[in-house]
Amino acid sequence: MNKIVLKLGGTIMALFLVVLLPLGYVANQIFTNFYYNQVQEEISDLSQKYALTLPSLNNDMSVQMFQTLAELTNKEIYIVDAEGKVVTDSGLQLTNLSREDIQLLSEGQSVQKTFHNAEANNNYLGSGHPIVQSDGFQGAFFVLAPINDIQEPVEKIRDLLILSAVGALFLALGFTFLLSKTISGPLLEIEQATRDIAKGNLDIRVDIPSNDEIGSLGKAINDLAIEINRYRSNRSEFFANVSHELRTPITYMKGYAQVLKQNLYQTEEERLHYLTIIESETERMVGLINDLFDLSKMEEGKFDLHMTTLHLTDVLESAFFKVKMEFEQKGILLNSYFEENVPAIEADGDRLEQIFINLLGNAARYTERGAVNVQVWHEDNQVNVVIEDTGIGIPEEELSFVFDRFHRVEKSRSRELGGTGLGLAIVKHLVDLQNGSISVSSQVGKGTRFQLSFPQAE
Ligand code: ADP
């Protein structure tokens, strides 16, 4: 059973009852009192007037006239003498007045009371005033109104109230049903879609056109599905890449190890050559595994940095020293143009050096001749570094992908030159982790330029 319908319906019904019941009761009371008061006032007025105008109790003509008058307004008259004996009661045979009533009347006070007609089993509301003449208290004149007459309009109003309450209740029921349909329908759709997504059906989309909270929940579920999909394809691509990257060196190592085992070489030189290949492939694998380990920790956000205040130029000098050999071997110049008194930055010295070694290593790797220029300057509280080479360059359409893991512009060349395709991905993570930014621009055949910026230390 749809729970929202029940909850919402129950709440609305309860609210309705809480508001309607007391309201109905109060309205009923007000109307009843209003009618009673009105009738009471009317009969009290009449009885006073009649009591004043009645010439004598024994004047049958007058009594007859009052009788007719009363009948015209649907009232009854009831006249008693000074002892309380009935002079006329319109033939209603009403209950007699009590001693106290007569006492009150004889003292000049008016009396309001209910009379009962046993024969018709009918009640009357009566108001009596004393008849006083020159020789004193003569009796009392009562004007009576049948209570049924008062109750009738009150009952009509009560029926009307009940009817409108029932109508309102049905209206509320219909409204609740509609409301719960518009809420629970889309929620059920979202639930189903989420279950499908959990089962791995990531192409499913929730289609809720509304702009309210439920609509945005639907959109959030769709975004989640897209994100999981992206993550899944990213992950399988990653595993495919890793296994490929590992398989290649292992194939080489296995092949050359077999050659050596079966003595399939002619000279000692050849044997050394094969051993060197096995060694360099092993090194590549170690490098790859270390890079993978670092990258996975960075992607999980579990990579610890030891930030200190340092001078970026010192770190660059140390990186230059470590890559010097590569540059010398290829005959490429490494020029530095450092602005004087560059402010310090907050960074992890080892990780900053790793960034520079990587970028300088790439510059050397993808440059055949010419020079690699490194510039450092500061501007707007930022310390900037540019590493620019005169190498093969990167095509325009590849530029935005070079920081993706395993992305290589020329797969064979990168492998040949000892690259893993993870270097720039790690560089990007390390720069981000140290609050810096990195950008690349390049021209094929002319060279590549990496620019890094770090905020200067406070
Ligand atoms: P790799 O280990 O293959 O060098 P990187 O992540 O360091 O991987 O670089 C990704 C790709 O970007 C490289 O394969 C190469 O094609 C290109 N690249 C990086 N640096 C340079 C550069 N200085 N000049 C030309 N191409 C570069």
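Predicted model: local features only at pLDDT ≥ 70, side-chain atom pairs only at ≥ 80, totals over all residues.
Between which two strands does the loop that holds Asn 341 lie? The loop runs between strand S7, residues 333-338, and strand S8, residues 345-347.

The protein chain has 10 helices and 12 strands. Its radius of gyration is 53 Å, whereas the globule rule gives 23 Å for 458 residues, so the chain is more spread out than a compact globule. Along the principal axes, the C-alpha atoms fill a box of roughly 160 × 60 × 35 Å. The domain assignment gives domain 1 (3-153), domain 2 (213-300) and domain 3 (308-455). Between the C-alpha centres of domain 1 and domain 2 there are 105 Å.

Two further values describe the surface and the interior. The protein chain exposes about 27200 Å², and carbon and sulfur atoms supply 55% of that area. Of its 458 residues, 38% count as buried. Contacts can also be sorted by distance along the sequence: among those between residues at least 6 apart, 63% join residues at least 24 apart.

Asn 117 belongs to strand S3, which covers residues 111-117. Its relative accessible area is 5%, and buried means under 20%, so Asn 117 is buried. Leaving aside residues up to four places away in sequence, Asn 117 touches Leu 92, Gln 93, Leu 94, Asn 122 and Tyr 124.

Leu 23 is a contrasting case. This residue lies in helix H1, residues 3-53. Exposed means over 50%, and Leu 23 has 53% relative accessibility, so it counts as exposed. Leu 23 also belongs to a nonpolar patch on the surface, together with Leu 15, Val 18 and Val 19. The accessible area of the patch is about 390 Å² in all.

Asn 74 sits in the loop between helix H2 (60-72) and strand S1 (76-81). Its phi is near 60°, a positive value in a residue other than glycine. With a relative accessible area of 42%, Asn 74 is partly exposed. Asn 341, from the opening question, has a phi near 50°, again a positive value in a residue other than glycine. The relative accessible area of Asn 341 is 72%, so this residue is exposed.

Terms used. Residues numbered from 1 in each chain as written. Heavy atoms only, no water. Domains from an automatic or database assignment. Helix = DSSP H or I, 4+ residues; strand = E, 2+ residues; numbered from the N terminus. Buried < 20%, exposed > 50% of the residue type's maximum accessible area, 1.4 Å probe, protein only. Contact = heavy atoms within 4.5 Å. Patch = residues over 30% accessible without salt bridge, like charges linked within 9 Å, V, L, I, M, F, W, Y side chains within 5 Å. Areas by Shrake-Rupley, 256 points an atom, 1.4 Å probe, with all protein chains shown as cover. Salt bridge = Lys/Arg side-chain N within 4 Å of Asp/Glu carboxyl O. Rg over C-alpha atoms; globule rule 2.2 N^0.38 Å.
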